[in-house]
Amino acid sequence: HQSEHLVVKQRDERGLVDYEALKQDPSSLNAFLTYVAAFSPDSAPDRFPSAASRLAYYLNVYNALVLYAVTDSDARPKDEKRFYRRTKMMVGGSLLTLSDIEESITELKDARAYFALCGGAKGHPRLGPVPYEAGTLEAQLDKAARDFLSDPRNVAVDRAKKVVRLSEVLRRHKKVLLDRAETLAPLTQALIAALTWRGAFLALGWRAAAALLPLTTLLLPRSA
């Protein structure tokens, strides 16, 4: 299980990745990247026989590339175009960007996956304590979605004003989330349905201020 090398022990008191500490000791991350450079679902399909094994692989690779980009290059999440489209890593013998890897994740058609992608910036899902594995992927994805959507920094409901603030992450993946809503829990479906309303969203770390989005019929009881 090469993904065990992706366990990031360099955390601060809040459980967030300590990028400076990781930069000082990237040995475990580098070991995982060495494996990734040689093997992928395209180059070694026998190693990834199921959709779950392929999705777990790409989620781990995406998160590893973010860690690498932040600690070992001058690319930063605030420079969105450069970070996602130009930061590259050898994956199964091919140079892939974060955007390329995200496309592979999208093809596997599980909307929960977007709540498992650590973008290295404020407002993105947090990196989980352990890597994703095929055998535990269902539970891990459910937890990732639940944790993200229950964080008031990402989804905040004001019942008095009958409004809700939504993370920019939901807007960025709006089309796929709407298309794949059947893979989401009921609460998540209600939040995704909110994306069909006109409005603005909570900003990611590199964007501007937040605004409010009406949700009178989706999350609030009729008597509210």
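Start by selecting helix α2 (residues 27-38) together with α3: their axes come within 11 Å and cross at roughly 130°. That angle makes α2 oblique to α3 (under 35 degrees counts as roughly parallel, over 145 as roughly antiparallel, 65 to 115 as roughly perpendicular and the rest as oblique). Axes here are lines fitted to C-alpha atoms, for helices over the stretch in contact, with angles from 0 to 180 degrees between N-to-C directions. Now show side chains: Leu29, Phe32, Leu33, Tyr35 and Val36 of α2 touch Tyr57, Asn60, Val61, Ala64, Leu67 and Tyr68 of α3 (contact means heavy atoms within 4.5 Å).

A word on what is on screen: this is a predicted model, where local features need pLDDT of at least 70 and side-chain atom pairs count only at pLDDT 80 or more, while totals for chains, interfaces and linings use all residues. Residues are numbered from 1 along each chain as its sequence is written, and side-chain values use heavy atoms, leaving out hydrogens and water.

Finally, move to helix α6 (residues 137-150). Which of its residues are buried? Colour Leu137, Gln140, Leu141, Ala144, Ala145, Phe148 and Leu149 (buried is under 20% relative accessible area, exposed over 50%, partly exposed in between, with a 1.4 Å probe and protein chains only). They cover an arc of only 150° around the axis, so they lie on the same side of α6. Turn to the other side for Glu138, Ala139, Arg146 and Ser150, which are exposed.

Technical notes:
Helix = DSSP H or I, 4+ residues; strand = E, 2+ residues; numbered from the N terminus. Arc of directions from axis to C-beta.
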